[in-house]
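Please read the points beside the model.

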Amino acid sequence: MNLSSLKPAKGSNKSEKRIGRGQGSGYGGTSTRGHKGAKSRSGYKSKRGFEGGQMPLQRRLPKFGFNNNNRIEYKAINISVLEALAAKHNLTTINVDTLVEAGMASKNDRIKILGNGVLNTKLEVTAHAFSKSAIAAIEAKQGQAIKL
């Protein structure tokens, strides 16, 4: 056996279907396109979503819902997370940069501190927004909640 004697397996290669080359080929006449209509003509192209004249789905269904362009999305971080971060790194001040370095938020996130959990240390926290319970918990330990 050598490379010059290699052949594809029997039946694995099919000859190309030569369309529109006369009646003798079996694919002459309409060239497998059927009779008449736009699809039988050259240059046929349908619009995206076109359903043959039937009212398309995207026009049958009404618009739905509302997107508020002025909505501000916050990354929520609980007081329990701040407590753990402060204990781990021995911190007294926590700001946006600290949270970004810790991997809890990205630099483009707006951060809101929520009051879930227990705070045991005095912290000076700087963020974009605070919940009422978070402010109460921070100030109960003589800390500061500073809004950006």
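1. Burial. Of the 148 residues in the protein chain, 19% are buried (under 20% relative accessible area with a 1.4 Å probe, protein chains only; exposed is over 50%, and partly exposed lies in between). The model is a predicted one, in which local features need pLDDT of at least 70 and side-chain atom pairs count only at pLDDT 80 or more, while totals for chains, interfaces and linings use all residues. Residues are numbered from 1 along each chain as its sequence is written, and side-chain values use heavy atoms, with hydrogens and water left out.

2. Elements and overall form. The protein chain has four helices and six strands, counted as DSSP runs (helices H or I of at least four residues, strands E of at least two) and numbered from the N terminus. Read from the N terminus, their order is α-β-α-β-α-β-β-β-α-β. The radius of gyration of the protein chain is 35 Å, well over the 15 Å that the globule rule gives for 148 residues, so the chain is more spread out than a compact globule. This radius is taken over C-alpha atoms, and the rule is 2.2 Å times the number of residues to the power 0.38. The C-alpha trace spans about 95 × 60 × 20 Å along its principal axes.

3. Contacts. Of the contacts (heavy atoms within 4.5 Å) between residues at least 6 apart in sequence, 38% join residues at least 24 apart.

4. The sheet. Three strands make an open sheet in the order S1-S3-S5, with parallel pairing; two strands pair if DSSP finds at least two bridges between them. Strand S1 (74-78) and strand S5 (129-130) are at the edges with a single partner strand each, so one side of each has no neighbour in the sheet. Between S1 and strand S3 (residues 110-114) there are five bridges in the parallel sense. Ile 77 stands opposite Ile 113 in S3.

5. Backbone angles to check. Most residues other than glycine have a negative phi. Ser 31, not a glycine, has a positive phi of about 55°; Ser 31 lies in the segment before helix H1 (57-60) and is buried, with a relative accessible area of 17%. Asn 90 also has a positive phi, near 55°. Asn 90 sits in the loop between helix H2 (79-89) and strand S2 (93-94) and is exposed, with a relative accessible area of 71%.
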